[in-house]
Amino acid sequence: MDCLREIQGKQAHDPIFIEKMNTSASWRCICVPGPLIVGAGPSGLATAACLKEKGVPSVVLERSNCIASLWQLKTYDRLRLHLPKQFCELPLMGFPTDFPTYPIKQQFVDYLEAYAREFDIKPRFNETVSQAEYDATLGFWRVKSVGVNGKGTEYVCRWLVVATGENAEAVMPEMEGMGEFGGDIRHTSLYKSGEEFRGKRVLVVGCGNSGMEVCLDLCNHNAKPSLVVRDTVHVLPREMLGRSTFGLSMWLLKWLPIRFVDRLLLIVTWLMLGDTARIGLDRPRLGPLELKNLSGKTPVLDVGTLANIKSGDIKVCPSIKRLKRHAVEFVNGKTENFDAIILATGYKSNVPSWLKEREMFSEKDGYPRRPFPNGWKGESGLYAVGFTKRGLLGTSMDARRIAEDIERCWKHEAKHRMAFTRSLLQQPSSDSSS
Ligand SMILES: Cc1cc2nc3c(=O)[nH]c(=O)nc-3n(C[C@H](O)[C@H](O)[C@H](O)COP(=O)(O)OP(=O)(O)OC[C@H]3O[C@@H](n4cnc5c(N)ncnc54)[C@H](O)[C@@H]3O)c2cc1C
C-alpha cells in the first residue's frame, strides 16, 4: 500500500501523467499528496491554516467564486457577528485590535481574506464537489468535482476534510398556496436590506436570530413587518451585568451547574426584558443553555427587536395555514394582506447529497453521528470541521484536532516515503554491474 501511495504521490507532481489524464478521459484526475478540504468558509480556512503551520500541504475546493461565500453572498447588510470577537477568532491569528466587540460583516470578511493571505491559502474556486467515495482497494478517497463549464475533475487523496458547513443549503418550507401568492417570497439568504421593502407589509417566517434581526431592519426602513412565531423561543439580552451574555454564561459554567446558570440568566433576562410570553414569545420548558446542549437550538440574542414588538411596530402572528393571492391565512382563522414573505427558516447541511459514506455522517441531517466533542474524526482518513452547533468556537477546536491528527500520519508516512526512496537509491543499477 505504501508503494502505491509512493507512486500516487509522484504522479501528483508528474506533468506528463497529469497531461495524459487530462486528455485521455472526460474526467481530469489529480492526485493530492496531502488532505483535500471541501469548502472555503471559516472552517476550511482554519483547517488549511493549522495544517500549513504543521508543514502539511492541502488543497481546498470551493463551489462559489470567493472564500466565506455564506458571509459574502448570502447574508444581509446590517449583519454583525452575533458573539463577541474573542469567541469568533480562527486559530493562529487574532482579530485586529481596532475591531469593535461585534465586528460588522465586512470586517469579518476582511479578516478572513487577510487570514487566507497570511497562510497562503488559495482555494480552487467554482468547483462543486458532487461525489466523494472511499476506494478501499486503493486506500484513497476519490472526490469528483464539477466546474462552472461542466468540466469534471477527480481528486484522489488520502485524507478528506468535510468543511461544507451547517448552513450549506437554505431550508424552504412547503406551504399550502405557495404558488398562488402574488408577492415576493424569498429566503433570508437572498435578503439584503429593508430598503426595497419601504412602506410594504412583510411577513417574516421564523423567530431565530436572523428572523428577529430582519424584522428590526424592516422596521428601521419603515416597512411594516409581522413575525410568525410557531415555536417557543428563548430571547436573551445580548449583554447583561456589563458583559456579553455569551461570555458571562461561559464564565459561570466554569463554576456552576448548567441548570443554575440557566436560572440566573432567566432571572436577569426577566428583569431586563420582562415577561416575553406576554408579547407572544413563550419560553421553552428547558433553560437556554440546557436546550442548546441537548438540541443545538440557539437562544436569540436581542439587538432591539423586542422593543419594537412591545411598541407594536412588529406584530407577532401564529403559524400559517395557507397563502392566498395577496394574503395569508393563519391557524387562528385570521387572514391578513401582505406584499412579501421572508423565510427565516434556517439552513441545512448538504453532506448526504455528495458524500457516499454512512458511518460517520447521518443521512438524516448531514451531521456527524457522534456528538460534540467527538464528531470531528471518522474512519479511513475522513474528518469533519464546523459541525458542532457551536459556531466559530467549535470550528477552531475541530481544526486544531484535525491538523494534529493528520500531521501524525503525514510524518509517519513521510518516514516510509524516505525509506522507500533511500532503498531505491541504494539498489545497484544494471549499468554499474556491467
Ligand atoms: C446570519 C448568520 C450569522 C452568524 N453569526 C455567527 C457568529 O456571530 N458567531 C459564530 O460563531 N457563528 C456565527 N454563525 C454561524 C456560521 O455558520 C459560522 O460563523 C461559519 O460561517 C461557519 O463556517 P463554515 O466554514 O463551517 O461554513 P460556511 O461558512 O457555510 O462555509 C462552507 C463553505 O463550503 C462551500 N460548499 C458547500 N458545499 C460545497 C460543495 N459541495 N463543494 C464545494 N464547496 C461547497 C460553501 O460554498 C461555503 O463557502 C452565523 C451564521 C449565520 C447564517
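Predicted model: local features only at pLDDT ≥ 70, side-chain atom pairs only at ≥ 80, totals over all residues.

Colleague: Okay, and which side chain does E336 meet in a salt bridge?

Modeller: The side chain of E336 meets that of K315, and the N to O distance in this salt bridge is 2.8 Å. The pair links distant parts of the chain, since E336 belongs to strand 19 (residues 335-337) and K315 to strand 16 (residues 315-317), 21 residues apart.

Colleague: Is K315 buried, partly exposed or exposed?

Modeller: K315 counts as partly exposed, with a relative accessibility of 41%.

Colleague: How many salt bridges are there in the structure?

Modeller: The structure holds 24 salt bridges. One of them brings together the side chains of K122 and D120, at 3.0 Å from N to O, and salt bridges that share partners join K52, D120 and K122 into one network.

Colleague: What about R142, which residue does its side chain meet?

Modeller: The side chain of R142 meets that of D135 in a salt bridge, with 2.9 Å between N and O. R142 is partly exposed, with a relative accessible area of 29%, whereas D135 has a relative accessibility of 18% and therefore counts as buried, the limit for that being under 20%.

Colleague: Changing topic, which residues come nearest to the ligand?

Modeller: There are 26 residues around the ligand, and those that come nearest are S43, E62, H82, N167 and L392.

Colleague: What kinds of residues make up that shell, by class?

Modeller: The shell around the ligand has eleven nonpolar residues, twelve polar ones and three charged ones.

Colleague: And which helices and strands each supply at least two residues of the shell?

Modeller: Helix 3 (42-53), helix 4 (69-73), strand 4 (127-135) and helix 12 (391-426) each supply at least two residues of the shell around the ligand.

Colleague: How far is the backbone of H82 from an oxygen atom of the ligand?

Modeller: A backbone N or O atom of H82 lies 2.5 Å from an oxygen atom of the ligand. For L392, a polar backbone atom is 2.7 Å from a ligand oxygen, and for L83 the distance between a polar backbone atom and an oxygen atom of the ligand is 3.3 Å.

Colleague: How much of the ligand's accessible area does the protein cover?

Modeller: On its own the ligand has 980 Å² of accessible area, and the protein covers 93% of that.

Colleague: Last one, what does the protein come to as a whole?

Modeller: The protein has 13 helices and 23 strands, and its C-alpha trace spans about 95 × 55 × 40 Å along the principal axes. Of its 434 residues, 49% are buried.

Key. Residues numbered from 1 in each chain as written. Heavy atoms only, no water. Near = heavy atom within 4 Å. Polar contact = N/O pair within 3.5 Å; in protein donor to acceptor, adjacent residues only side chain to side chain. Areas by Shrake-Rupley, 256 points an atom, 1.4 Å probe, with all protein chains shown as cover. Helix = DSSP H or I, 4+ residues; strand = E, 2+ residues; numbered from the N terminus. Nonpolar A, V, L, I, M, F, W, Y, C, P; charged D, E, K, R; others polar. Salt bridge = Lys/Arg side-chain N within 4 Å of Asp/Glu carboxyl O. Buried < 20%, exposed > 50% of the residue type's maximum accessible area, 1.4 Å probe, protein only.
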